[in-house]
Amino acid sequence: MTPAADIASLLAARIGDPHVGLRTREDDWTWDEVVRQSARRRQVAETLREPGPFHVGVLLDNVPEFVFWLGGAALGGATIVGINPTRDDDTLAGEVRLTDCQLIVTDRAGADRLAGLDLGLPASRILDVTSPRYADLLAATTDDLPPHPGSLLDSRADSILLLLFTSGTTGASKAVRCSQKRLRAVAERAVAKFGHTRDDVEYCCMPLFHGNALMALWAPALSVGATICLTPKFSAQAFVADIRHFGCTYFTYVGKAISYVLATPVGADDRDNALTRGFGTEASPHDRARFEERFGAPLLEGYGSSEGGAVVTPDPSAPPAALGRRAHADVVVVDPDTMNECAVAVLDDHGLLKNPDDAVGEIVDRTGSPGFEGYYANDGADAERLRNGWYWSGDLGYVDADGYLYFAGRRGDWVRVDGENTSTLVTERVLRRFPGVLAAAAYAVPDPVSGDRLMAALEVADPSALDPHALAQYLMTQQDLGRKGVPRLVRVSTRLPATGSNKVLTRELQRERWHVDEPVYHWQGRLPVRYALMTEQDKHGLARDFAEAGREHLLAGA
């Protein structure tokens, strides 16, 4: 039998399947019921369809309606635009306009928020799933399905199912096209890599507007007929109770989620769970080891993006900090200015990169754009991604003598301190190991004399409990941190600004710098490191230093 080429065919294959496909704390649906509910949403969408791109915005938490609309869009050839509720109003409205949404599916809270925003569509095009109007629309549909899946739909392989907004942590986000064909292929690879089976019970706590939940959980679970368990939003406090309640075997995560889970009180019975593995990005090797020790399940880190370029092959024997091996010989690290391959990375015994100026470059696939289907309404971004016929990942990396590929961040993740390049990712990794730190970000701020200063922001439960002397002592003794990687300024917060997928918004931290009401510690003088609380007098003195050096313009916009 030929494998299904699209998501719609995967759904059609679940007609009549009695296995539980979707669970919440309140209700269960078999896969057959999931498909029938999806077919009802397809009919609602068709009833409300207008001329133009068949784009449906969804502004919902992780609730069954979101899953049913994903399925309905796949069956009807529509495109789902996941709307990120953590965006500010102007950004949210701009993303709705950019993606030409002709209908928005939301709830009462979402409808109230959208009222009055410049969305480019009338209020009648906002569909509240809790309203009598929606109930009437559903009542007019039928869940009758043909006995033969092939008669349910035409081929939808090339239709765009998703417009996925990039996280926007360092700049304006873009809407990535993802066809049913590509998502089906992503699901197939995920099943092969991470062993999804029909017996899996998969905990979906990451937002369904994000590629992590869709590509690493929803699509592979649909592919094998596993059970998807929804929680409206991620909650570190509810994590253990949820995975026990559902009997979860698998979950996904992004960004700070693992740090938050590890910050919850340790229980003697934490290993009393059915988890066999988790998959995600941006958990440090230290946190991954702590999670496995505490909960008995390994965390499998991956590298990828919504854009879809596959450049890495996982290798169990890779060093902990490495991504894996290059997918093929034409995945290279190049100097963007010269287009030449960078030098082989030289690492010391602690994994610290000794030749960043020569070894770090952009990760590129010279064979072109495997998997990349372009951005919506952004030809300039397409051209930037596909320069010279190559696929430019937008990420920096380096390759060691054994051929392992390492992630080195984006261009903004490298800071020029005293004439030397230093990686903010290394600083962040070390800071996250300090007791009490839930999340950390390191970034460049202007120096009053020349170049940059390295600043860091820490998220902790109680800023007053942070011991600056202990932090300084800790940083001085970490052998995988170079002296240029020790931050000159440290901001301490109970909550760092983040995207809906728990990635820290570094650009906001850079904009605010030290002009905040939260504690900021500064290191003055030479070694040893000593942090002191920055006073208003200190801040005014720093502003004078900028003015005396003729660099006060660098403080504009703070």
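Predicted model: local features only at pLDDT ≥ 70, side-chain atom pairs only at ≥ 80, totals over all residues.
Student: What is Phe-291 in contact with, leaving aside its neighbours within four places in sequence?

Tutor: Its partners include Phe-239, Phe-251, Ile-258 and Leu-299. Contact means heavy atoms within 4.5 Å. Phe-291 is also among the residues with the most contacts inside the largest nonpolar core, along with Trp-69 and Trp-218. That core has 88 residues. Helix 8 (residues 211-224) gives the most to this core, with 10 residues.

Student: What makes a set of residues a nonpolar core?

Tutor: The members are buried Ala, Val, Leu, Ile, Met, Phe, Trp, Tyr and Cys residues, joined through side-chain atoms within 4.5 Å. A second, separate core has 22 residues, including Val-430 and Phe-434.

Student: How many aromatic pairs does a search of the whole structure find?

Tutor: It finds 15. Rings of Phe, Tyr and Trp (its six-membered ring) pair if their centres lie within 6.5 Å; planes under 30 degrees apart are stacked, over 60 edge-to-face, and the rest tilted.

Student: Why is the pair of Tyr-398 and Tyr-406 called stacked?

Tutor: The ring centres are 4.9 Å apart and the planes are at 5°, so the pair is stacked.

Student: How do you know whether Tyr-398 is buried or exposed?

Tutor: Buried means under 20% relative accessible area, exposed over 50%, and partly exposed in between (1.4 Å probe, protein chains only). Tyr-398 has 10%, so Tyr-398 is buried. Tyr-406 has 5%, so Tyr-406 is buried.

Student: What sits over the ring of Trp-392?

Tutor: The charged end of Arg-387, 3.9 Å from the ring centre. The rule asks for NZ of Lys or CZ of Arg within 6 Å of the ring centre and within 35 degrees of the ring normal. Arg-325 lies over the face of Tyr-404, at 4.2 Å from the ring centre.

Student: Why does Ser-493 count as buried?

Tutor: Its relative accessibility is 0%, so Ser-493 counts as buried.

Student: Which side chain makes a polar contact with the side chain of Ser-493?

Tutor: That of Glu-518, at 2.9 Å. A polar contact is a pair of N or O atoms within 3.5 Å; within protein, one must be able to donate a hydrogen and the other to accept it, and residues adjacent in sequence count only if both atoms are side-chain atoms.

Key
Residues numbered from 1 in each chain as written. Heavy atoms only, no water. Helix = DSSP H or I, 4+ residues; strand = E, 2+ residues; numbered from the N terminus.
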